[in-house]
Amino acid sequence: MKKVLVLVLASLLIFSFAVSAQEMTLRLADNQPEGYPTVVGAKEFARLVEERTDGRIKIEVYPGGILGDESSTIEQVQFGAIDFVRTSITPMANFEPAMNVLSLPDLYPSEEYMFQVLQSEIGEGILEGLKDAGIVGLTWYDAGARSFYTADKKVTSPEDLEGLRIRVQESQLMMDMVEALGASPTPIAWGEVYSALQTGVVDAGENNYPGWYYNSHHEVAPNFVEDEHNRIPELIIMSKITWDKLSAEDQKIIKQAAVDSTEVQREAWDKRTEEAKKLAVEEGATITTLTPEQKQAFQDKVKGLYPKYSEGYEDLLNSILNFEMEE
Ligand code: GCU
């Protein structure tokens with residue numbers, strides 16, 4: 001009997017050692033095209049993981065939405081069919097309403113302010129909360145500020161948006177925001193926005209400069225108005241099912257590699273934003289910048305989102321608004 005027990009224990013030990021030193025190939029989904037700053041960040045993450053595990057853990061990056069649209073890839077992460085997704089955070093608000101608070105209009109005075117908030121205990125606390133939804137949040141990525149772009153009508157005030165059909169993410173917050181501006185929101189998956197603009201299913205979209213340019217939306221919606229209504233950061237998330245299969249050391253390597261990839265993503269972000277603006281204009285699109293007063297007119301219309309979306313999350317909202325930035 002004792003012998004059997006010893007044998008069982010020994011084989012368990014050998015087995016767990018084999019698992020911890022396991023070689024694996026994991027998959028990461030991104031709905032942006034090859035060369036896009038988030039894909040550059042994801043590839044840096046993959047490179048660091050491979051290097052730091054001596055090639056034991058490989059991550060294949062699948063850009064361009066080939067593993068599915070954003071919402072479906074998040075679900076696949078929850079049940080373990082995909083290991084990682086680089087995603088915008090609003091589609092996660094269905095199961096983590098704090099994501100809506102982080103995406104409220106006019107919330108962060110600057111990009112740097114936003115990053116310091118996200119990389120502080122505030123952001124870490126939100127990532128921790130995702131575990132209940134089967135998700136391990138690894139690191140935040142930059143996605144600049146979002147603005148409107150239209151197919152025909154030039155926009156300089158919220159009144160100009162009235163009656164337009166505007167594509168939004170699959171997000172209640174973004175639907176409410178567009179409605180508050182007097183337009184009709186139409187949720188459409190990112191990969192289908194180009195044809196929705198081209199065929200006139202929608203009159204406008206809203207996103208950052210790289211999103212607009214590197215998905216060729218400037219060809220079919222060439223009027224970009226830099227109203228900068230909100231900032232919606234992005235995340236690299238991981239399936240908790242995959243996470244739980246890893247040794248503690250490998251978990252640490254993965255988390256750190258993701259965090260370390262952020263710098264490369266942010267650099268690529270800044271570079272590609274400038275490039276997108278320049279190339280879009282060279283290719284015939286127009287960019288309208290607004291005065292602070294003109295921008296404020298958009299913000300005034302959407303202030304009503306604050307009470308609705310911070311209900312039950314007042315402490316979180318206040319901690320963001322009162323956050324003390326480090327130099
Ligand atoms: C951003 C983000 C995408 C997202 C898109 C959208 O560009 O990078 O992940 O899908 O917004 O508006 O849907």
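Mentor: A salt bridge here is a side-chain nitrogen of Lys or Arg within 4 Å of a carboxyl oxygen of Asp or Glu. Keep in mind that this is a predicted model.

Trainee: What can side chains of opposite charge do when their charged atoms come close?

Mentor: They can pair.

Trainee: How many salt bridges does the rule give here?

Mentor: The count comes to 22.

Trainee: Let's take one. Which residue does Glu 51 meet in a salt bridge?

Mentor: Glu 51 meets Arg 47, with N to O at 3.0 Å. Now look at the helix. Both residues belong to helix H2, residues 37-52. They are four residues apart, so about one helical turn separates them.

Trainee: Which parts of the chain does the pair of Glu 124 and Lys 255 link?

Mentor: Start with the contact. The side chains of Glu 124 and Lys 255 form a salt bridge of 3.4 Å, N to O. This pair links distant parts of the chain, 131 residues apart. Glu 124 lies in helix H6 (residues 121-129), and Lys 255 lies in helix H12 (residues 248-282). Glu 124 is partly exposed, at 36% relative accessible area.

Trainee: Where do Arg 165 and Asp 203 lie?

Mentor: These side chains meet in a salt bridge, N to O at 3.1 Å. Arg 165 is in strand S6, residues 165-168. Asp 203 is in the loop between helix H8 (193-198) and strand S8 (204-207). The two are 38 residues apart. At 37% relative accessible area, Arg 165 is partly exposed.

Trainee: Which residues are linked in a network of salt bridges?

Mentor: Asp 30, Glu 70, Arg 86 and Glu 234. Now turn to the ligand. The residues around the ligand include Glu 70, Arg 86 and Glu 234.

Trainee: Where does the ligand sit?

Mentor: In the largest pocket. Among the other residues around the ligand are Ser 88, Arg 146, Arg 167 and Trp 190.

Trainee: How much of the ligand does the protein bury?

Mentor: Taken alone, the ligand exposes 320 Å². The protein buries 98% of that.

Note on methods. Residues are numbered from 1 along each chain as its sequence is written. This is a predicted model: local features need pLDDT of at least 70, side-chain atom pairs count only at pLDDT 80 or more; totals for chains, interfaces and linings use all residues. Side-chain values use heavy atoms; hydrogens and water are left out. Buried means under 20% relative accessible area, exposed over 50%, partly exposed in between (1.4 Å probe, protein chains only). A residue is near a molecule or strand if one of its heavy atoms lies within 4 Å of it. Accessible areas come from the Shrake-Rupley method with a 1.4 Å probe; for residues, only the protein chains shown count as cover. On a 1 Å grid over the protein atoms alone, a cavity is a set of points where a 1.4 Å probe fits but cannot get out, and a pocket is an open set with protein on both sides within 12 Å along at least five of seven lines; lining residues have an atom within 4 Å of a point. A molecule sits in a cavity or pocket if more than half of its atoms lie within 2 Å of its grid points.
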